[in-house]
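Got the sequence and the model open side by side? Let's take a walk through the fold, one stop at a time.

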Amino acid sequence: MSEPRAGVEDPAPEAGARPKDPAPEAGTRPKDARPEAGTRAEDAVVPLCELVALGCRILGANGHADYVWGHVSARDPLGRGIWMKAATYGFEEITVDHVILVSFEGDVLDGDHPRHSEWPIHTEIMRARPDVGAAVHSHPPHAIAIGAAGRPLLPLSHAGTLFVPPDVPRFTKTADLIVTRELGACVAECLGALDAVLLVNHGIVTSGQEVRDAVIRAVLLEKAAHQQILTHACGEPRFWSSDEESVAKRHNVWSEAHLVMLWEYLSRSLPPG
Ligand SMILES: [Zn+2]
């Protein structure tokens with residue numbers, strides 16, 4: 001993308017667009033894709049959907065709210081696709097009932113709400129990356145500003161060291177919606193073996209082995225971008241961590257124990273309701 005683009009608006013998602021199956025009647029579930037209660041599969045799926053919902057609410061409370069846009073997904077443990085936030089609701093509104101099962105072809109297999117049109121971001125990343133169990137796509141303003149400015153992300157604070165080095169990759173093929181498997185595969189290719197990418201003039205994508213990791217990366221990517229914009233407001237950045245120090249901080253500051261603490265704090269600090 002070599003020249004500035006006019007702002008591209010995320011239009012309303014394709015409400016209820018289902019390539020094959022008609023929308024189920026309200027209050028019904030098509031063919032019980034969610035396993036029977038009490039089975040091992042149900043034991044795995046319900047907590048996963050609760051995690052997706054919790055991740056959505058954490059994003060909504062931490063700089064990622066953009067009306068009803070943005071989504072979190074987790075890989076279905078039975079290999080049927082992804083459990084994903086439904087369309088038409090904001091992050092802060094999501095409960096387990098707003099998490100739907102979407103196949104790798106985009107069919108809604110379980111759930112009473114429409115899917116987001118950008119489902120291929122999630123399915124294609126998971127198709128390309130067997131190690132990825134969860135993904136986030138959102139439109140956080142500071143990360144979008146860094147991408148639009150063409151600035152490399154700098155490790156100016158703890159948050160930045162989670163990502164840099166190397167610089168966060170930039171997806172510039174289009175700033176429009178990622179609504180085809182081909183475009184989703186291009187996003188996955190841009191992400192490569194990393195876990196964060198800036199969709200220039202659009203938003204971000206993060207990934208992780210589990211919902212916690214993908215959500216924390218999204219929260220910290222936006223925090224790092226915010227810090228960088230504050231620094232630019234004071235003048236050109238003069239000091240930041242060397243690559244060596246940044247990698248060391250990635251292990252020290254963002255250790256597993258600290259990630260657990262952060263996740264529990266983010267969960268506790270959600271507004272009531
Ligand atoms: Zn988007």
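Start with some housekeeping. Residues are numbered from 1 along each chain as its sequence is written. This is a predicted model, so local features need pLDDT of at least 70, side-chain atom pairs count only at pLDDT 80 or more, and totals for chains, interfaces and linings use all residues.

How confident is the predictor? Over residues 1-32, though, pLDDT stays under 50. The model has 41 contacts beyond four places in sequence for that stretch, where a contact means two residues whose C-beta atoms, placed from the backbone, lie within 7 Å. Where pLDDT is low, the predicted coordinates should not be read in detail.

Now the overall layout. The protein chain has eight helices and eight strands; these are DSSP runs, numbered from the N terminus, with helices being H or I of at least four residues and strands being E of at least two. Of the 273 residues in the protein chain, 43% are buried. Here a residue is buried if 20 or more other C-beta atoms lie within 10 Å of its own, exposed if 12 or fewer, and partly exposed in between, with C-beta atoms placed from the backbone. Take the contacts between residues at least 6 apart in sequence: 68% of them join residues at least 24 apart.

Eight of its ten residues are buried, so α2 is largely enclosed by the rest of the structure. Those buried residues are Trp119, Pro120, Ile121, His122, Thr123, Glu124, Ile125 and Met126. They pack against β1, β2 (82-85), β3 (99-102), β5 (134-138), α5 and β8.

Pick out Thr123, which sits in α2 (residues 119-128). Why does Thr123 count as buried? Because Thr123 has 24 C-beta neighbours inside 10 Å. Leaving out residues up to four places away in sequence, Thr123 touches Gly81, Ile82, Phe104 and Gly184. Thr123 and Ala185 are 62 residues apart in sequence, yet 8.8 Å apart in space, C-alpha to C-alpha.

That brings us to the partner helix, α5 (residues 181-191), whose axis comes within 8 Å of the α2 axis and crosses it at roughly 55 degrees. Axes are lines fitted to C-alpha atoms, for helices over the stretch in contact, and angles run from 0 to 180 degrees between N-to-C directions. α2 and α5 are therefore oblique to each other (under 35 degrees is roughly parallel, over 145 roughly antiparallel, 65 to 115 roughly perpendicular and the rest oblique). On the α2 side, Pro120, Ile121, Thr123, Glu124, Ile125 and Ala128 meet Arg181, Leu183, Gly184, Ala185, Val187, Ala188 and Leu191 in α5. The residues of this contact divide into nine nonpolar, two polar and two charged; Ala, Val, Leu, Ile, Met, Phe, Trp, Tyr, Cys and Pro count as nonpolar, Asp, Glu, Lys and Arg as charged, and the others, Gly among them, as polar.

Another helix pair is worth a look. Helix α3 (residues 141-149) packs on helix α6 (residues 211-234) at an angle of about 60 degrees, with their axes 7 Å apart, so α3 and α6 are oblique to each other. His142, Ala143, Ala145 and Ile146 in α3 meet Leu221, Glu222, Ala225, His226, Gln228 and Ile229 in α6. This contact divides into six nonpolar residues, three polar and one charged.

Last, check the backbone in the loops.

Tyr67, in the loop between α1 (40-61) and β1 (71-75), has a positive phi near 55 degrees without being a glycine. Tyr67 counts as exposed, with 11 C-beta neighbours inside 10 Å. Asn201, another non-glycine, has a positive phi of about 65 degrees and is in the loop between β7 (196-199) and β8 (203-208). Asn201 is partly exposed, with 19 other C-beta atoms within 10 Å.

Key: pLDDT = per-residue confidence, 0-100.
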